Amino acid sequence: MARDGGGERVAIVGAGLAGSLLAVLLGRRGIPVTVYERRPDPRVAGAERGRSINLAISARGLAALEQVGLRDQSLKQALPMHGRMVHPLSGGRNFQPYSADGERAINSIGRAELNRSLLDAADRTPGVALRFSQRVTGVDTEAGAVLFEDADAEPADVVLAADGAYSAVRRSLGLDDDADFLEHGYKELTIPPRDGGFALDPDALHIWPRGTSMMIALPNLDRSFTCTLFWPKADLDALDTPEKVTACFERHYPDVTDLMPELTADYEHNPVGSLVTVRCRPWTRSGDGGAITALVGDAAHAIVPFFGQGANCAFEDCIEIDRCLTETGGDWARALSLYQERRKPNTDAIAEMALDNFIEMRDRVSSPVYRAKQAATHALERRLAGRYVSRYELVSFSTMPYAEIPARIRRQNRILAGTVLGAAGVLALTARALRRRS
């Protein structure tokens, strides 16, 4: 295929976070790109109600935004959260810092705000064309064409599908994929400002762990909180009257119900979303005529949101595609093959860690044993700075490839166990020697 800027017709399907960032990166390379989005322009039409799940942007996402000059702007739209505020049913909330030094934070930012910033950046990038209200139904790889619901096909030599977990492009390619749905769904609610200020501590991600379910709340710049219920769908459906909703919240979230004056209206009108993990292979498909399609972000590897890494992970995909184009001299086929090879193990790893973190958040965080373990972990991190690092810090506050993190944790634990056993052995030998002398 032709080299960078050599005349390929490049299409991106989806103008969400990943599609918009990728458009900026390609445009800066001098590659003309057309972005197709099924929705109207969200900067004009506004965001879909109840579909945000506030983002927790951390080191990986910030590193990607830095590449396109949006890091500082994005942080101005965000609020730092230095830890979790856990709200047990019994009362007595407790704060659990994310980092050993208490200084590091993840950043709460509205999905809509970040998407607007990326779309504005794409609009400003020469060679990028944004086409809204264009519903793509698939790709014809043999003909090298993007297919639409209500319009004629348009030619494309390279199609980058960033059209989400339920990707129409992925379905049209017949790739080997597996969508694993949790029994839980999610529903968004709101805690408005109170007396002009935040109703809860804005420096924390708030969690109400309830064993098999939970509610979380993230702060917004307007001093409100976006709350998200993660409940079994049967439980969500069972609350079919305002009275049932109110009674349930007074029973399970007594410390926050009075802070939600629109609770019953939000519950009635906001939709229930699904939580899905998508595993797919391959991510690329080529036609005999040389056209190539690749999946990006959730289209390739949707994960559940419980490690706050969905957007961060998708942004890393975009940066990797850009890097692979540089390394291959702009050869799209080689670059996208290399992209899949490098990213697939990492996305598999974070998918598993995200599922495990759901159990941690909805259940373990309220346990005194868990809190003691976290305190011990942070003590080790302070004492063995750089040599012992928790999984959370490696995921959220570093750009270490996700796939390397489990092995790093196992290696740390083996060394620590060996050190403890060695120290115990020395103490035992010393004790025996002292007994002989006495």
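Biologist: What should I know about the numbering and the model before I begin?

Modeller: Residues are numbered from 1 along each chain as its sequence is written. Because this is a predicted model, local features need pLDDT of at least 70 and side-chain atom pairs count only at pLDDT 80 or more, while totals for chains, interfaces and linings use all residues, and side-chain values use heavy atoms, with hydrogens and water left out.

Biologist: Which residues of helix 13 are buried, and which are exposed?

Modeller: Y370, T377, H378 and E381 are buried in helix 13. They cover an arc of only 95° around the axis, which puts them on the same side of helix 13; the arc is that of the directions from the helix axis to the C-beta atoms. On the other side of helix 13, P368, V369, R382 and R383 are exposed.

Biologist: What do the buried residues of helix 13 pack against?

Modeller: Contact means heavy atoms within 4.5 Å, and the buried residues of helix 13 pack against strand 5 (83–86), strand 6 (94–97), helix 12 (332–362) and helix 14 (391–396). At the start of helix 13, a side-chain oxygen of S367 comes to within 3.1 Å of the backbone nitrogen of V369.

Biologist: Which residues touch the most other members of the largest nonpolar core?

Modeller: A nonpolar core is a set of buried Ala, Val, Leu, Ile, Met, Phe, Trp, Tyr and Cys residues joined through side-chain atoms within 4.5 Å. The largest one has 68 residues, of which L160 and W332 touch the most other members. When neighbours within four places in sequence are left aside, the contacts of L160 include V10, I12, L22, W332 and L336. A second, separate core of 34 residues includes I216, V304, F306 and F397.

Biologist: Where does D41 lie, and is D41 buried or exposed?

Modeller: D41 lies in the loop between strand 2 (33–36) and helix 2 (42–45), and at 16% relative accessibility D41 counts as buried. Not counting residues up to four places away in sequence, D41 touches G46, L119 and F132.

Biologist: How many disulfides does the structure hold?

Modeller: A disulfide is a covalent bond between the sulfur atoms of two cysteines, taken here as a pair of cysteine sulfur atoms within 2.5 Å. The structure holds 0 disulfides. C248 is in no disulfide, the nearest cysteine sulfur being that of C227, 14 Å away, and C248 is buried, with a relative accessible area of 7%. C318 is likewise in no disulfide, since the nearest cysteine sulfur, that of C313, is 10 Å away, and C318 counts as buried at 0% relative accessibility.

Technical notes
Buried < 20%, exposed > 50% of the residue type's maximum accessible area, 1.4 Å probe, protein only. Helix = DSSP H or I, 4+ residues; strand = E, 2+ residues; numbered from the N terminus. Polar contact = N/O pair within 3.5 Å; in protein donor to acceptor, adjacent residues only side chain to side chain.
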